[in-house]
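Hello,

Here is the structure I promised to pass on. My notes on its side-chain contacts follow below.

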Amino acid sequence: MYSEGPTTRVPASAYLLLLTRDGEHGTLLPNGICFHPEAIFPAAHAYSCLHSPDPNISTAIAMLICAGCARGEFKLSMKKNIELRPNVETLFGTRDENLHLLEEGLNVTVELKPNSIQIFGEPADVARVEQVFNDFEYLRAHGQQVFNGELNSMLRVLVSDPAVTLRQLAESAKQRAVGNKRQVQPKSVNQRQYLEAIEQSDMVFGIGPAGTGKTYLAVAMAISALLSKKVARIILARPAVEAGERLGFLPGTLQEKVDPYLRPLYDALYDLLDPEKVDRFLEKNVIEIAPIAFMRGRTLNDSFVILDEAQNTTSEQMKMFVTRLGFNSKAVITGDITQIDLPNASRSGLIEAMNVLQGVEGIRFQMFNETDVVRHQLVQRIIRAYEDFKVRDERQLSLQLEGETVRAATDLQLSGKAKESTPVQQ
C-alpha cells in the first residue's frame with residue numbers, strides 16, 4: 001500500500017501509465033492505492049519509474065483520477081494555449097469552418113482569445129490539433145501555399161484518419177502536381193488510399209458510386225506521371241455503351257462517332273491542364289482516347305492506361321484489357337457496379353474481375369461509398385436513398401418468395417392428404 005507524504009508529487013504521464021497495466025491493477029483505498037500482485041511494477045517503485053514530475057499534480061489526485069478513469073467514471077481532459085502567429089487566420093477557414101471541422105472531428109473545443117487559441121479536450125485529441133497548427137506554420141514558413149478549399153479537404157482526411165498529418169498530406173499533394181493549375185488532393189480517406197494504391201501498384205480497381213472521384217483522380221495521377229516523365233503517354237479507354245437508350249448511327253468520322261462516349265474523359269483533361277497543352281498532346285498522340293474495342297492486339301509500354309465505366313465491359317473485353325499491360329506501365333480500372341448498362345448485367349466484366357483477380361499480387365481494389373461523393377451534397381443523399389430502397393426491395397422479394405414457397409408446400413401437403421382419404425373403387 002502507498003499513501004501520499006507531505007511533498008510527494010506524481011507526473012501527469014502517470015495517468016496513462018497506471019491505466020495501461022493490463023486492466024485495473026490498483027484498488028482505491030481511503031488513503032492511497034493498494035497494488036495487486038500482478039502489477040507490472042511493485043508499489044514501492046511505482047512512482048520512481050515515471051519521468052518529468054509536474055509539481056502541480058499531487059499523488060492523491062492522480063490516484064483518484066486513475067481509479068476513476070479505470071472504472072469509466074470520467075475521462076481525462078486538458079487545456080492547451082497556442083500563441084497566435086501571423087497569417088494563421090487562413091487555417092481558420094471561411095467563417096471558422098475549419099475550426100468547427102476540427103472541433104467536431106476530434107471532439108475538442110477551440111476558443112479564440114485576443115493573443116492565443118485555447119483548446120480543451122482529451123490529451124491525444126488536443127495534441128493532434130496542436131500538430132495541425134504546427135504543421136500549418138511549417139508549410140507557410142517553407143513557402144507552400146495551401147488554399148482554403150484544399151485545406152478543408154486535407155483536414156477532413158486528417159480527422160478521419162489518425163495516422164496522417166497535415167504536413168504529410170500537403171507534401172504528398174505537392175509530389176502529385178499536375179502542371180501549374182493545381183495539385184492532386186484527396187478529399188476523403190478512401191480517396192487517399194486510392195491515390196496511394198495507384199502509386200504503389202501496377203494495376204488498381206476503383207469501384208464505387210458516381211461522383212466519388214474515381215476517374216478524375218486517375219486522370220490526375222496519369223497527368224502527374226506524364227509531366228514528371230515517369231511514363232511516355234496516357235491511354236484513356238471506355239466501352240461505347242449508351243446509358244439505357246439507343247442512339248443509332250451517328251454522323252461523321254470514326255473519331256466523331258466515338259467522341260460522345262468519351263466526353264467525360266475530355267472534361268477531366270481540360271479541367272486539369274491548359275486547353276492548348278491538351279490539344280497538343282492529343283494531336284501528337286501523347287494522350288490517346290479510344291473505345292476499348294480498339295485495344296485488342298496492342299502491347300502498352302511506358303503508358304498510364306485508364307479504363308473508365310468498366311462495369312459496361314463484357315468478360316471477354318475485361319480479360320483482353322487487363323492483359324494489354326506492357327513494361328513500365330500502370331493500369332487503373334474504374335466503374336460503378338450499380339449502374340450496369342449491358343443487356344445482361346450479370347455478365348459484367350468488372351464483377352467477374354472482382355472475383356477472379358482478388359488477391360493477385362500487384363493488383364489492388366479500392367472501394368468507395370456515398371461518403372466519398374465530392375459532388376453536390378444532395379448526390380450523397382440520393383445514392384443512400386437508392387441503396388436503402390434496394391435493400392428494402394430485396395427484403396420484400398425474399399419474404400414474398402418465402403411466402404409462396406410455404407403456400408406451395410402447404411397445398412402439396414393438403415393434396416396428398418386428400419388422395420389418401422379418397423376411397424379406392426373396386
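**Salt bridges**

Arg-140 and Glu-137 are three residues apart in helix α5 (residues 123-141), so about one helical turn separates them. Helices here are DSSP runs of H or I with at least four residues, strands are runs of E with at least two, and both are numbered from the N terminus. The two side chains form a salt bridge, with their closest N and O atoms 3.0 Å apart. The term salt bridge means a side-chain nitrogen of Lys or Arg within 4 Å of a carboxyl oxygen of Asp or Glu. Arg-140 is partly exposed, at 29% relative accessibility. For accessibility, buried is under 20% relative accessible area, exposed is over 50%, and partly exposed is in between (1.4 Å probe, protein chains only).

Before the rest, a note on the source. This is a predicted model, in which local features need pLDDT of at least 70 and side-chain atom pairs count only at pLDDT 80 or more, while totals for chains, interfaces and linings use all residues. Residues are numbered from 1 along each chain as its sequence is written, and side-chain values use heavy atoms, with hydrogens and water left out.

The structure holds nine salt bridges. One of them joins Asp-308 to Arg-238, at 2.8 Å from N to O.

Glu-316 belongs to helix α12, and Arg-347 to the loop between β12 (330-335) and α13 (349-356); they are 31 residues apart. Glu-316 is partly exposed at 47% relative accessibility. Arg-347 is partly exposed too, at 36%.

A network of salt bridges links Asp-161, Arg-192 and Glu-196.

**Aromatic rings**

Rings of Phe, Tyr and Trp (its six-membered ring) pair if their centres lie within 6.5 Å; planes under 30 degrees apart are stacked, over 60 edge-to-face, and the rest tilted.

Tyr-194 and Phe-368 are edge-to-face, 5.1 Å centre to centre with 85° between the planes. Tyr-194 sits in helix α8 (residues 189-200), and Phe-368 in the loop between β13 (363-367) and α14 (377-421), 174 residues apart. Both are buried.

Phe-205 and Phe-365 are stacked, because their centres are 4.6 Å apart and their planes at 10°. Phe-205 lies in strand β8 (residues 203-207) and Phe-365 in strand β13, so the pair ties together parts 160 residues apart in sequence. Phe-205 is buried at 0% relative accessibility. Phe-365 is buried at 17%.

The charged end of Arg-167 sits over the ring of Tyr-138, 3.7 Å from its centre. That requires NZ of Lys or CZ of Arg within 6 Å of the ring centre and within 35 degrees of the ring normal.

**Nonpolar cores**

The largest nonpolar core has 34 residues, and Leu-236 and Phe-304 have the most contacts inside it. Such a core is a set of buried Ala, Val, Leu, Ile, Met, Phe, Trp, Tyr and Cys residues joined through side-chain atoms within 4.5 Å. Helix α9 gives the most to this core, with nine residues. Apart from it lies another core of 29 residues, among them Leu-102, Ile-117, Val-164 and Leu-169.

Best regards
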